[in-house]
Amino acid sequence: MRVFFGIYLLVVFVPLSTIAVWAFVDRWPWPNLLPSALSTRGLAEIFNGHAPIGGVLARSILIAVAVSVLCIVIASLSARALVFYEFLGKDLFRFATILPFIVPAAVFAMGIQVAFLRVGLGGTMLGVIIAHTVVALPYAIGIMTDVMAAAGPRLEEQSRVLGASRRQTLVHVTVPSLLPGILASASMAYIVSFSQYFLTLLVGGGSMKTFAVVMFPFLSSGDRTIAASYSLVFLVSTFAVFLLFEWILKKLGMRETRSLFL
């Protein structure tokens, strides 16, 4: 068991440590064990280069937050329909919720690009948000369906029997009982949206620059210092979202342990 645990830690932390080190390395020739020259060139390129990170990062966060909000609303309603109601075409609807998982990403991206160009959404932020939402929805719906099934309808029914209105039941019973799933869905949708490159490039038409779109050319160019610097900022920004959601859960008393990760 300890061996597998050690292997797992190596697989996860060695690549992350390599990225953190390469962000500050200028030369690291093989087979040297240590870098031969350190540099802050990567961070200088990010914060003072031809594509300043501030606007791109803010746009990426705005898109990811919008996708998270849309996914929470749509996934909550979809999960409620799948768990609590019987209707014609339910199995087809359930299959449609996982369809973006099954369709190859390149095929889906090309199809949605053609459709969005015809309706005037190509090259717009709204088009990118909708495309990201479609890709992130299967994750959000899957999480919310499991949480909705575990919560069940009993608390809502008891609330209505005791005289609470629909709004009071929603605010004081339904949302608090589903909040862990809502935050998990939001964080997953945020990360999926923030890391989208190919879909953003096609739907955005190259004019909608997000962090992933700016970062990818450096990854393919072989400049490891700048690529690692972008990856480090990417990692920190997504990890910050995870910490934010953990902090919210603790503030709301939904984390009994004081540990951050358990």
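The largest cavity in this predicted model holds about 60 Å³ of space. It is one of 2 cavities of 30 Å³ or more. Beyond those, there's an open pocket of about 460 Å³, the largest pocket here, plus 7 aromatic pairs and 2 salt bridges.

**Largest cavity**

- Three helices each put in at least two of the lining residues: H6 (125-151), H7 (154-161) and H8 (166-194).
- H8 is the top contributor to this lining, with 4 residues.
- Sorted by class, the lining comes out at 5 nonpolar, 3 polar and 1 charged residues.

**Second largest cavity**

- This one has a volume of about 30 Å³.
- Around the second largest cavity you'll find Ser-60, Ile-63, Ala-64, His-132, Ser-193, Phe-194 and Thr-210.
- Helix H3 (53-84) and H8 each bring at least two residues to its lining, with H3 supplying the largest share, 3 residues.
- No charged residues show up in the lining of the second largest cavity, which splits into 3 nonpolar and 4 polar.

**Largest pocket**

- H3, H7 and H8 each hand over at least two lining residues.
- H8 again gives the most, this time 7 residues.
- The class breakdown for the pocket lining is 10 nonpolar, 3 polar and 5 charged.

**Salt bridges**

- Side chains of opposite charge can pair when their charged atoms come close.
- Lys-90 is buried because its relative accessible area is 9%, whereas Glu-86, at 71%, counts as exposed.

**Aromatic pairs**

- The structure has 7 aromatic pairs in total.
- One of them is Phe-211 with Tyr-230, a tilted pair with ring centres 5.6 Å apart and 55 degrees between the planes.
- Phe-211 belongs to helix H10 (residues 211-221) and Tyr-230 to helix H11 (residues 224-251), so this pair links distant parts of the chain, 19 residues apart.
- Both Phe-211 and Tyr-230 are buried.
- Phe-211 also pairs with Phe-234, again tilted, at 5.9 Å centre to centre and 50 degrees between the planes.
- Because Phe-211 is in helix H10 and Phe-234 is in helix H11, this second pair ties together parts 23 residues apart in sequence.
- Like Phe-211, Phe-234 is buried.
- Ring pairs join Tyr-190, Phe-194, Phe-211, Tyr-230 and Phe-234 into a cluster. Phe-194 turns up elsewhere too, in the lining of the second largest cavity.

**Around H10 and H11**

- The buried residues of H10 are Phe-211, Ala-212, Val-213, Val-214, Met-215 and Phe-218.
- Cover for those buried H10 residues includes helix H2 (41-48), H3, H8, helix H9 (198-204) and H11.
- Setting aside neighbours within four places in sequence, Ser-229 is in contact with Ala-23, Gly-42, Leu-43 and Ile-46.

Definitions and conventions: Residues numbered from 1 in each chain as written. Predicted model: local features only at pLDDT ≥ 70, side-chain atom pairs only at ≥ 80, totals over all residues. Heavy atoms only, no water. 1 Å grid on protein atoms, 1.4 Å probe; cavity = no way out; pocket = protein on both sides within 12 Å on 5 of 7 lines; lining within 4 Å. Points joined across faces, edges and corners; volume = space filled by probe spheres on them. Nonpolar A, V, L, I, M, F, W, Y, C, P; charged D, E, K, R; others polar. Phe/Tyr/Trp six-rings, centres within 6.5 Å; stacked < 30°, edge-to-face > 60°. Buried < 20%, exposed > 50% of the residue type's maximum accessible area, 1.4 Å probe, protein only. Contact = heavy atoms within 4.5 Å. Salt bridge = Lys/Arg side-chain N within 4 Å of Asp/Glu carboxyl O.
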